Amino acid sequence: MLIYLKRILAVLVIIALLLAGVQCFNRVLQGYSTDWYHPEMYPKNSVDVAFFGSSHVYNAIIPQLLMDEYGIAAANIVSSGLLGSNTLQALDMMLEYQRPQVIVMDLFGFLAPYLYEADMQGDAQEQKNDRTYITRQRLVNAMPVTAWHKYPWIVKDGMQDPAVFPYSSLTYLQHNNLLTSNWRNLTGKTLLQKKKNLGYEFAFEQRYQPGLDVSAEELEAAHVYEPYWEQLDAIFALAQKEGLEIIYTFFPYMTNNAERKLMEEITDYLSQKGVTYLTMTELMDGAMLDDHEDFRDRGHCNYYGANKLSWFWGDYLYTNYDLPDRSEDDDPRYDLWKERPYGYEGHEAAGLLSREGDYQFYAEYLSLLNDEYITVAVIAGTETFAQADNAIWPLEEYLGADPESLGKEKAVTVLVLHGGQILRQQTFSSAGQMNLHLLDCGYEIKVYPGQYTAVRIDGKEASRLSQNGVMFLVTDALQEWHMDKATFTFEEEDPIRMDFEYEEE
C-alpha cells in the first residue's frame, strides 16, 4: 500500500513540475510586451472589420462606438511598434482566427526604418554575434504557448542569417528582462484586461507637439526601406488570393517633412496598384480633427480625436460596404461588443475628473463611470457640511446616497461605488478604528476613521482625508491605478477643491 502511495505521490509531483515548467516557459515565450491585441482574444470569426496597425490605431479607434452607433463588430487587432517587416506575418496570423469582411490597414510601420529600425540593427547584430538566444517578433511573443504556429516562427527567427536579421523587429526590453531575471515584466497580465475594451486605449491628454522637420541632408537620404516593397507586394498577393477587402491609409499624427516624403512614395506605389487608399489629409478633413485639441502627443489621438475618427470610419464603412448589423444579432459571438453600451462615455467622464474643480459636476461625472471604475468617497460629517445647501444633494441625486447619515457630526460616512452604482454606504464613529472590507468588486478596501481618515486598497495606502469635507478616490479597476483624487471643503458657501490647479490650454 505504501509503495502505491509513493508512486501516486511521485506522479503528482511530476505533473506539478510539468505544469510549472509550462507556465514558466509560457512566460518566457510570451514576452514582456502586452501592447498586442491578439486576434484570438475575440470569438473565432466574429470580427467583421479589423483595424490593423500600431499604437496610432489603438489610440484612434473606439470599436464600442462602431457597434453602438452602426452595429459594426469591429476590433483593433494591432501591435505596438508593428514594423513593415512584421505586417505580413501579423496579417497571416490574424487570418488563422478572424476572417473580417474589411481590413483597415495603417501603413505607419512602413516608415519605420527611417524612424527607428536602422538604430536597432547594430544591437541586433551584436547580440547575434554573441550567440544569445532572443525572440524578436512582438507578435510572436504575445502568442500563447498553446498556439502551434508560434514555434515554427521562433525556429525561423533562430535560424535567420545575418543578411536577413536586420529586417526583423528586435524586442530589446524582453531580452534585457530575461538577462536580469525580471520575470514580473515577462507576464502578459494586461492582455485580458485590454480585451474588455476591444483593443482601444483611452487617452485624455491634450497636447500640441508638431513633428520637427529634418535637415535637407536627412531629407535627401530618407526613403522607404527597400525590402518593404516586397512586403507590400506580398500583402497585395495575399489579399487577392484570399479575396480580402483592404483599405490602406495613414492614421493621423503630427508628421515631419521626411515622413511626408515617404508617405508620398508609398502613395504613388498604391496608386499604381489601384487599391483602396485614403490619405491622411482625407482622414483629418473628414473627421474634422484639430491639431491643437484632438491629439494626446505627436503620434496619437486623445479621446476627442478618437471619437471623431471613429465616427468618420463608421460613416465611411456604413456607406461603402454592406456590413451586417450585429447589434440585432442574437449570436453569442457578439455579446462581447454588447457588454458595455456607450462605455466610452465613461472613459471620457473619468478623463474629465482630474480637470474638474466644480463639486456638482464632479459628482455628476462619477455617476457616468462604467463598471471598469471603482470610487471611494469619504465624508467627514461636520456642522458646516450638514448645513451647506449644495453639499448633500449632488451625492443623493447623482450617486444615490442616503442623505440621512451624510451630515452627522463627529462621524465619517464611506461610499463605495462600482461604476456609478453604490455598492456600500456605511457610517462610523470618527473616534473608532474600524476597517471596512469590500470584496464585492474584487478589491479589499479598508477605511480607518480617525483624525486622519485613511483609505487602503489591497493593503496599500491610497489616500487620507486630513480636511473636513469630502474626499473622492477613483481607481481604474482593470489597470489597477488611481485615476483621480479630489478633496472638496465646505468652509465657504461653495465647495472648494483642494490642491487643484488647472489652466485652459
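**Entry: ground rules**

I am working with a predicted model, where local features need pLDDT of at least 70, side-chain atom pairs count only at pLDDT 80 or more, and totals for chains, interfaces and linings use all residues. I count residues from 1 along each chain as its sequence is written, and my side-chain values use heavy atoms, with hydrogens and water left out.

**Entry: strand E3**

I began with strand E3, residues 102-106. My helices (H or I, at least four residues) and strands (E, at least two) are DSSP runs, numbered from the N terminus. For burial I used relative accessible area: buried is under 20%, exposed is over 50%, and partly exposed is in between (1.4 Å probe, protein chains only).

Is E3 enclosed or open? I found five of its five residues buried, so E3 is largely enclosed by the rest of the structure. Val102, Val104 and Asp106 point one way from the strand, while Ile103 and Met105 point the other way.

Next I looked up the neighbours of E3, with two strands pairing if DSSP finds at least two bridges between them. Strand E1 (residues 49-53) pairs with E3 in the parallel sense over four bridges. Strand E4 (residues 245-249) also runs parallel to E3, joined to it by five bridges. I noted Met105 in particular: Phe52 has Met105 as its bridge partner in E3, and Met105 in turn has Tyr248 as its bridge partner in E4.

**Entry: aromatic pairs**

Here rings of Phe, Tyr and Trp (its six-membered ring) pair if their centres lie within 6.5 Å; planes under 30 degrees apart count as stacked, over 60 as edge-to-face and the rest as tilted. How many aromatic pairs does a search of the whole structure find? I got 23.

One that I opened is Trp229 with Tyr269, a tilted pair at 4.7 Å centre to centre and 50° between the planes. Trp229 sits in helix H11 (residues 227-242) and Tyr269 in helix H12 (residues 257-273), so the pair ties together parts that are 40 residues apart in sequence. Both residues are buried.

I then turned to Tyr359 and Phe472, a tilted pair with 6.5 Å centre to centre and 35° between the planes. Tyr359 is buried at 3% relative accessible area, and Phe472 is buried at 0%.

I also wrote down one aromatic cluster, formed by Phe51, Phe251, Phe312, Trp313 and Tyr316.

**Entry: salt bridges**

I counted a salt bridge when a side-chain nitrogen of Lys or Arg is within 4 Å of a carboxyl oxygen of Asp or Glu. The structure holds nine.

Asp48 bridges to Arg326, with the closest N and O atoms 2.7 Å apart. Which parts of the chain does this pair link? Asp48 is in the loop between helix H1 (2-30) and E1, and Arg326 is in the loop between helix H14 (303-320) and helix H15 (335-338), 278 residues apart. Asp48 is buried at 6% relative accessible area, and Arg326 is buried at 13%.

My last stop was Arg298 with Glu259, where the closest N and O atoms are 2.7 Å apart. Arg298 lies in the loop between helix H13 (280-287) and H14, and Glu259 lies in helix H12, 39 residues apart. Arg298 counts as partly exposed at 26%, whereas Glu259 is buried at 1%.
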